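Open the model in your viewer and switch to a cartoon view. Keep the selection tool ready. We will go from stop to stop.

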Amino acid sequence: MTQRINFNQAFFTQSAPSIRECPPESGREVAFAGRSNAGKSSAINTLTGNSKLARTSKTPGRTQLINYFELSENTRLVDLPGYGYAKVSREMKERWQENLSEYLHERQCLAGLVVVMDIRHPMQEHDTLVINWAVEAQMPVHLLLTKADKLKKGPAQNTLLQVKKSLKEAEVDDLVTVQTFSSLKNAGLDQLKSKLNEWLLPENQPAQ
């Protein structure tokens with residue numbers, strides 16, 4: 001049986017202002033992207049069992065860094081800059097878009113992209129833009145509908161079905177999957193871990 005990744009051993013290694021300062025291409029990595037305040041840091045912290053691993057910051061400049069967390073010698077998690085931050089300059093937003101597009105298209109060791117969205121406000125303009133970039137690059141995407149505890153079970157399920165329907169209508173459901181998630185309740189954690197194991201561990205290769 002293939003060994004699974006121990007996400008609790010994740011540790012911070014470095015921050016990079018752009019793709020040119022990223023670690024050398026090796027092994028496999030999965031990146032997390034999402035609007036500011038969508039719950040991206042909380043999702044990473046819940047996944048790794050470390051509430052202080054991915055730190056939230058109210059300083060717009062800090063949100064522009066690509067943060068790397070090592071899981072093993074050959075596997076990494078990547079926390080991409082939060083987007084949709086209203087108070088940053090147009091120039092900074094354009095630079096972020098340039099960096100993210102370049103990262104998704106050119107980073108060869110990137111095995112998949114998790115797009116984090118507040119379940120109450122899914123598929124906003126920037127979310128769709130990021131998903132489109134990933135699809136153009138033939139990059140598998142997993143949508144994480146966070147803060148599911150903020151909705152009752154019925155409405156949460158309805159939102160999930162609506163997002164699935166829109167993906168099918170856009171004919172991208174072969175590359176894009178979706179689930180609900182709650183950092184507060186740890187709901188959906190096993191499903192997320194299963195998806196990341198699928199991306200990070202080539203078939204029959206155990207984790208280091």
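**Stop 1: a pair of strands**

Select residues 28–34, strand β2, and residues 75–79, strand β4. These two strands run parallel and are joined by five bridges. Now pick E29 and look across to β4: R76 stands opposite. Strands of a sheet pair through backbone hydrogen bonds, either parallel or antiparallel. Keep in mind that this is a predicted model.

**Stop 2: the whole sheet**

In what order do the seven strands of the open sheet lie? Read across and you get β1-β3-β4-β2-β5-β6-β7. The pairing is mixed.

Next, colour β1 (11–16) and β7. Why is one side of each left without a neighbour in the sheet? Both stand at the edges and each has a single partner strand, so one side stays without a neighbour. Then turn the view to follow the twist, which averages 25° from one strand to the next.

**Stop 3: a helix across the strands**

Select residues 189–200, helix α5. Which strands does α5 lie across? They are β2, β3 (66–72), β4, β5 (110–118), β6 (141–146) and β7. Against β2, the helix runs at about 135°.

**Stop 4: two loop residues**

Most residues other than glycine have a negative phi, and most peptide bonds are trans. With that in mind, select Q138. Its phi is positive, about 60°, although Q138 is not a glycine. You will find Q138 in the loop between α3 (125–136) and β6. Q138 is exposed, with a relative accessible area of 59%.

Now jump to N186, in the loop between β7 and α5. N186 is not a glycine, yet it has a positive phi of about 60°.

**Stop 5: a pocket**

Rolling a probe the size of a water molecule over the atoms shows where empty space is left. Go to the second largest pocket, with a volume of about 200 Å³. Select A148, D149, A156, T180 and A187: of the 16 lining residues, these lie nearest the centre of the pocket. Two elements give two or more residues to this lining, α4 (153–169) and β7 (176–180). The largest share, four residues, comes from α4.

Finally, colour the lining by class.

Methods
Residues are numbered from 1 along each chain as its sequence is written. This is a predicted model: local features need pLDDT of at least 70, side-chain atom pairs count only at pLDDT 80 or more; totals for chains, interfaces and linings use all residues. Side-chain values use heavy atoms; hydrogens and water are left out. On a 1 Å grid over the protein atoms alone, a cavity is a set of points where a 1.4 Å probe fits but cannot get out, and a pocket is an open set with protein on both sides within 12 Å along at least five of seven lines; lining residues have an atom within 4 Å of a point. Grid points are joined across faces, edges and corners, and a volume is the space filled by probe spheres set on the points. Two strands pair if DSSP finds at least two bridges between them. Axes are lines fitted to C-alpha atoms, for helices over the stretch in contact, and angles run from 0 to 180 degrees between N-to-C directions. Contact means heavy atoms within 4.5 Å. Buried means under 20% relative accessible area, exposed over 50%, partly exposed in between (1.4 Å probe, protein chains only).
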